[in-house]
Amino acid sequence: MRLKRLLLCKTQQYFMPTIDRGDTVQTKRFAFYFTNTSYVVLYLFIASVLNLMSNIPLAAVINCVAAAILLINLLSTKIVGNTKISFVISVITMIIDLFLHQALSEQITLNNYIWLPLFPLILARYVSTKQNIYFTGFLISMVIGARILSPYIPIEWHYMLSPELTLRGDLIALVLFIIFNLAIGDSLNKLEQRAHKVLDSKVKENAHLISILTHDISNQVTVINLACNKLRKQFQETVFCSPLEKIKKRTYNIERLINGVRLSQQAMDSDFTLSRVSLIDLLEAISIEFEKLHGKSNINLIFDYDQSFDYYVAADKNLLLKSAISPMLNTTIGLFKHIEAIEEVTISLKISNKRIKMIISSSALSIFSSPMLSSVNAVSLHEKEAVLAVVVAKKIIEKFGGNVEICPARTSDENCAILFSFPKKGMIS
């Protein structure tokens, strides 16, 4: 690693275009370009030696010319001032080299074709997806064209490798291809690990900021409430009582939201233990809680599931019930404002080949008219609490390998729904 950095610093002084020191993207791009060019030139040099040993001077000349072009292109990168252009020139040079070898050879060898997928893979770092698709099509047409034009090339002598050399070349190409893919896989794995570390640090940082923010706001709200209580004692006239009641109501709403955010943050950060949880037992606990809180309301809670199935999932029962499903159900019920008619909230259980699903559907969930949570226009306190409940439930269910989806109504007779899905493969026996 130190040798690589030292080599990059030295080559940067001579080859690299003048860029800002803080431009790490350009620096990494040049390092990638320089490393690939070095490997290709080394490969062409070895191939030229093998061509001469196999008495194929024309193939050796082609490889030497290609290596010279690549070296000149590398040296001229500083003059061009753009590594992207230099890299494209290098790739085109390699394609022409491959085209000539394929056109002048009397046989199709694996060691020629096995490297074709690497060009689109490497070039994806420098061009857009659309451009890479066009380039891949161009690459395929070049190879096909080489095979079609091969008999018509005005050269009397077409070289042919012996079966022994062909087999040896194919085996070497396979080994190099495996090593290259292992290196690419390792690089992608390290890149993913670094991305996870960055995301985890951002999540912890955001959680810390949220904790500080809610604490500071809560302190200010407490001061406002104390001031309102003192004013109420000093002024008993109706003129002053009405504005004070509005202030008290708004501060109560703020406290309620802050408390909801705190509980949600605690739920998402809490540790959990997976166990075998029956969703039917969970529905019984929900039914008991519903009778205590909303038994005298005009809301009917309906359960819909097939009693012949056992709906077992791998989850933390306490976290799943108290921090995901119950808050979602309570906020759904809270969306019914001043209702006089009888309303219904349906909880359904369904089972498929790979998933076990719990669906909460109700006309109150009409604010979720889009499957995109970011497009929900929450205005009232209950609507904001419903959105927060969905976000928290999604984070918690994802800990168990599941997911939460918003299912908007497709027809006027259908209700919007919140879908909790769990993997069947996650069940604990």
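The model is predicted, and local features are reported only where pLDDT is at least 70, side-chain atom pairs only at pLDDT 80 or more, while totals for chains, interfaces and linings use all residues. Residues are numbered from 1 along each chain as its sequence is written, and side-chain values use heavy atoms, with hydrogens and water left out.

## The five-stranded sheet

Helices (H or I, at least four residues) and strands (E, at least two) are DSSP runs numbered from the N terminus, and two strands are said to pair if DSSP finds at least two bridges between them. Five strands form an open sheet with mixed pairing, in the order β2-β4-β5-β7-β6. Its edge strands, each of which pairs on one side only, are β2 (299-304) and β6 (403-407). On average, and with direction ignored, neighbouring strands of this sheet are turned by 15° against each other, where the axes are lines fitted to C-alpha atoms and angles run from 0 to 180 degrees between N-to-C directions. Strands of a sheet pair through backbone hydrogen bonds, either parallel or antiparallel.

The pairings are set out below.

| Strands | Sense | Bridges |
|---|---|---|
| β2 and β4 (residues 343-351) | parallel | six |
| β4 and β5 | antiparallel | seven |
| β5 and β7 (residues 416-423) | antiparallel | eight |
| β6 and β7 | antiparallel | five |

N300 has E344 in β4 as its bridge partner, and T346 stands opposite S361 in β5. A hairpin of three residues joins β4 to β5. Further along the sheet, M358 is partnered by F420 in β7 and R355 by P423 in β7, while V404 also stands opposite F420.

Burial is described with a relative accessible area under 20% counted as buried, over 50% as exposed and anything in between as partly exposed (1.4 Å probe, protein chains only). Strand β5 (residues 355-362) is mostly covered, with six of its eight residues buried, and in β7 eight of the eight residues are buried. In a regular strand the side chains alternate between the two faces of the sheet. In β7, C416, I418, F420 and F422 point one way and A417, L419, S421 and P423 the other way, and all are buried.

The expected span of a helix is taken as 1.5 Å times one less than its number of residues. For the 19 residues of α3 (residues 57-75) this gives 27 Å, which agrees with the 27 Å between its end C-alpha atoms. Its buried residues are A59, A60, I62, N63, A66, A67, L70, N73 and L74. Because these cover an arc of only 160° around the axis, they lie on the same side of α3, the arc being that of the directions from the helix axis to the C-beta atoms. The face of α3 turned away from this buried side carries the exposed residues I72 and L75.

N132, F135, L139, V143, G145 and A146 are its buried residues, and they sit on the same side of α8 because they cover an arc of only 160° around the axis. On the other side of α8, K130, I133, Y134 and I148 are exposed.

The loop between α2 (24-53) and α3 contains N55, which counts as exposed because its relative accessibility is 60%. The C-alpha atoms of N55 and L161 are separated by 9.6 Å, although the two residues are 106 residues apart along the chain.

## A pocket and a cavity

On a 1 Å grid over the protein atoms alone, a cavity is a set of points where a 1.4 Å probe fits but cannot get out, a pocket is an open set with protein on both sides within 12 Å along at least five of seven lines, and lining residues have an atom within 4 Å of a point. Grid points are joined across faces, edges and corners, and a volume is the space filled by probe spheres set on the points.

The second largest pocket holds about 510 Å³ of space. It is lined by 19 residues, of which N259, G260, L263, S264 and P327 are the closest to its centre. Helices α10 (238-269), α12 (317-334) and α13 (381-399) each supply at least two residues of this lining, and the largest share, seven residues, comes from α10.

There is one cavity of 30 Å³ or more, and the largest cavity holds about 40 Å³ of space. Its lining consists of I286, E289, F290, H294, S326, L329 and N330. Both α11 (279-294) and α12 supply at least two residues of that lining, with α11 giving the most, four residues.
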